Amino acid sequence: MSDNPRALRLADRIKEIVATTIDKRIKDPRLGFVTITDVRVSGDLQHATVFYTVFGDDEDRAGTAAGLASATGILRREVGKQTGVRLTPTLEFVPDAIPDSARAIEELLAEARTRDAALLKAKEGATYAGEADPYRTPRDLEAEEDSEVEEHDEDREDGAGFSRP
């Protein structure tokens, strides 16, 4: 899809026309639970890809695909009448992958939740292998610097800042 403003406007208009025509004019029972989700128009306005989703199982999806294929001529004629473009774009109907992607993401999130729960259970009785905090903190550094200064002062015997061997 191009960033052409005219193509974007035409895509929105085709989406409205196809959705209302399916709802009001086409009496095919296979098109009961179809939703037009998006339309993309090529830069030269000659080809429109119409994305749709179907509520139901695989049999309903196959029936909807067949119903849309048989109604393509009627839908294209209606798009031509209502848009007023010189050349009516061809319509291609493609099932939208968004519901399948969303389902896959939900499954992955559920698996992550179960792994997190298992990790929390394993973590409950666990103890540290060494100290609880093996890293030096700023207070430890200050204490070490103070002790080094005291040791250095003890090494000085004359006030000139030189230590004797």
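# Salt bridges, a ring pair and the core

User: Which residue meets Asp 58 in a salt bridge?
Analyst: In this predicted model, the side chain of Asp 58 comes to 2.8 Å, N to O, from that of its partner. Both residues lie in helix α2, 3 residues apart, or about one turn of the helix. The partner is Arg 61.

User: Is Asp 58 buried or exposed?
Analyst: A residue is called exposed when its relative accessible area is over 50%. Asp 58 has a relative accessible area of 58%, whereas Arg 61, at 32%, is partly exposed. Asp 58 is therefore exposed.

User: How many salt bridges are found in the whole structure?
Analyst: One of them joins Arg 30 and Asp 28, at 2.8 Å from N to O. Another links Arg 103 with Asp 100, where the closest N and O atoms are 3.3 Å apart. The search of the whole structure gives a total of 7.

User: Is Asp 28 buried or exposed?
Analyst: Buried means a relative accessible area under 20%. Asp 28 has a value of 19%, so Asp 28 is buried.

User: What separates Arg 103 and Asp 100 along helix α4?
Analyst: Helix α4 covers residues 98-124, and the two residues are 3 apart in it. Arg 103 is partly exposed at 40% relative accessibility, and Asp 100 is partly exposed at 44%. The separation is about one helical turn.

User: How are the planes of Phe 33 and Phe 55 arranged?
Analyst: The search of the whole structure finds 1 aromatic pair. The ring centres of Phe 33 and Phe 55 are 6.0 Å apart, and their planes stand at 70°. Planes over 60 degrees apart count as edge-to-face. The pair is therefore edge-to-face.

User: How many residues apart in sequence are the parts tied together by Phe 33 and Phe 55?
Analyst: Phe 33 is in the loop between α1 (5-24) and β1 (34-41), and Phe 55 is in the loop between β2 (47-54) and α2 (58-70). Phe 33 is exposed at 58% relative accessibility, as is Phe 55 at 66%. The parts they tie together are 22 residues apart.

User: Which element gives the most residues to the largest nonpolar core?
Analyst: This core has 25 residues, and Ile 14, Ile 22, Val 41 and Leu 75 have the most contacts inside it. Two or more residues come from each of α1, β1, β2, α3 (72-83) and β3 (90-95). With 7 residues, the element that gives the most is α1.

Terms used:
Residues numbered from 1 in each chain as written. Predicted model: local features only at pLDDT ≥ 70, side-chain atom pairs only at ≥ 80, totals over all residues. Heavy atoms only, no water. Phe/Tyr/Trp six-rings, centres within 6.5 Å; stacked < 30°, edge-to-face > 60°. Helix = DSSP H or I, 4+ residues; strand = E, 2+ residues; numbered from the N terminus. Buried < 20%, exposed > 50% of the residue type's maximum accessible area, 1.4 Å probe, protein only. Core = buried A, V, L, I, M, F, W, Y, C linked by side-chain atoms within 4.5 Å. Salt bridge = Lys/Arg side-chain N within 4 Å of Asp/Glu carboxyl O.
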